[in-house]
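Please read them with the structure open.

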Amino acid sequence: MNDQPNRPHQPYDPYGQQPQAPQAWPGQGYQGHQGYEDPQAAQQYTQQWQGQTWETQNHQAVPSAQAPDPETAILTPQSPPRRRPAAPAAADAPAPGYGPATVGGNTRVTDAQRARAEGRSPIIEPGIQPAALTALLGLLLAGAAAVGTYALLVPLVVLQAVTAAGWFRLNGMWPARQGIALGFAGALAADAALLASDRSPAAILGTLGVWVLLALVLQLRSHADPDERMYGLMATVAASALAIVAGGYLAAAADAVTVGAVAVAVAVLARALPLPTPASVVVSLLAAAGGGIAAGQVTDLGTSGALLGAGAAACALIGHRVASYDYPSRFVHFTAGVALPLAAAAPAVYVLGRALA
């Protein structure tokens, strides 16, 4: 038999070498658990950590991983609060102009939106590259008109396709295959009507009226919201009208098309020069008049080509201004920026060509 007397249970200190005796509360000695009449009274003086612990750094409650032993909790040292990693450096921050990361991707702030937010003008000109493409397409129109009607039809169809697509891109509606296809189909219908009617301008007006009605019917059958349907209707009608009106090159006289297309090409290139806007407009009109005179010497228009060139250039600069307004992406400058100057100049080429012939 074991002759050693029963000793009270002593908690074990995990950081010491020897067990330590529990401290007695003031006014009474330590009697162990057997000294209390109530079994639960022995635990009311023991500190117990339960529930949640608090992080002093951010004042956010974090759940306790494991409740400590009731008998050793008073002697167990508390570990220092775990610090959260520091904020990312400025180099890791997202690039300016991009929104926060989302499931659907980052929303890019366009240059026009940033300019408007900063109080600047959202008018951003296309630049020299679209101007060069416009000049190239204008020279193709001028050369094809000198060859014949069906030769003119090839660059004209390209111009009409780019016009329909560019208008939707200018309005930020992409992809909009139905509207682009409808506008381009209207342009092809107008070209066919012009060829069938011996290039009568009434074919353009008739096709335009039919296509406006067709666009209205298609939008009324749409199940989209009323605001979206109205927006789509306006964009479809405008794109169709511009593409159809560009067929005025096919209705105009060949000499007028040659002079007008050369004048537009020269005007757009001059407009792309790094000059103040008023000075650039004046230089463009003067250059277009000079180009009209030069092209008029080759054709039967002569010096009257200066007036035709200046009028066509004035309409082309209006189209250039429209293409510069609040563009949603730089691809617009290779669609609306290329096509709108030539498309807007088509009525002036037809009217002035008939008047000066």
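**Notes on the model**

1. The side chain of S284 reaches the backbone oxygen of S280 at 2.7 Å, a polar contact (a pair of N or O atoms within 3.5 Å; within protein, one must be able to donate a hydrogen and the other to accept it, and residues adjacent in sequence count only if both atoms are side-chain atoms). S284 sits in helix α9 (residues 277-298); helices (H or I, at least four residues) and strands (E, at least two) are DSSP runs, numbered from the N terminus. S284 is buried, at 0% relative accessibility. Here buried means under 20% relative accessible area, exposed over 50%, and partly exposed in between (1.4 Å probe, protein chains only). Leaving out residues up to four places away in sequence, S284 touches A267, A270, R271 and L317, where contact means heavy atoms within 4.5 Å.

2. This is a predicted model, in which local features need pLDDT of at least 70, side-chain atom pairs count only at pLDDT 80 or more, and totals for chains, interfaces and linings use all residues. Residues are numbered from 1 along each chain as its sequence is written, and side-chain values use heavy atoms, with hydrogens and water left out.

3. How many salt bridges does a search of the whole structure find? There is one, between the side chains of E125 and R271 (2.8 Å, N to O). It links distant parts of the chain, 146 residues apart: E125 is in the loop between α1 (111-117) and α2 (128-147), and R271 is in helix α8 (residues 254-271). A salt bridge is a side-chain nitrogen of Lys or Arg within 4 Å of a carboxyl oxygen of Asp or Glu. E125 is partly exposed, with a relative accessible area of 32%, whereas R271 is buried at 6%.

4. The chain has 11 helices and two strands, in the order β-β-α-α-α-α-α-α-α-α-α-α-α along the sequence. Of its 357 residues, 35% are buried. Among contacts between residues at least 6 apart in sequence, 68% join residues at least 24 apart.

5. An unreviewed UniProt entry places the feature "transmembrane region" at several spans, including residues 180-196 and 230-250; such annotations may be inferred rather than shown by experiment, and positions are given in the numbering used here, with feature names shortened. Residues 180-196 are 100% helix and 0% strand, with end C-alpha atoms 24 Å apart. Residues 230-250 are 90% helix and 0% strand, and their end C-alpha atoms lie 32 Å apart.
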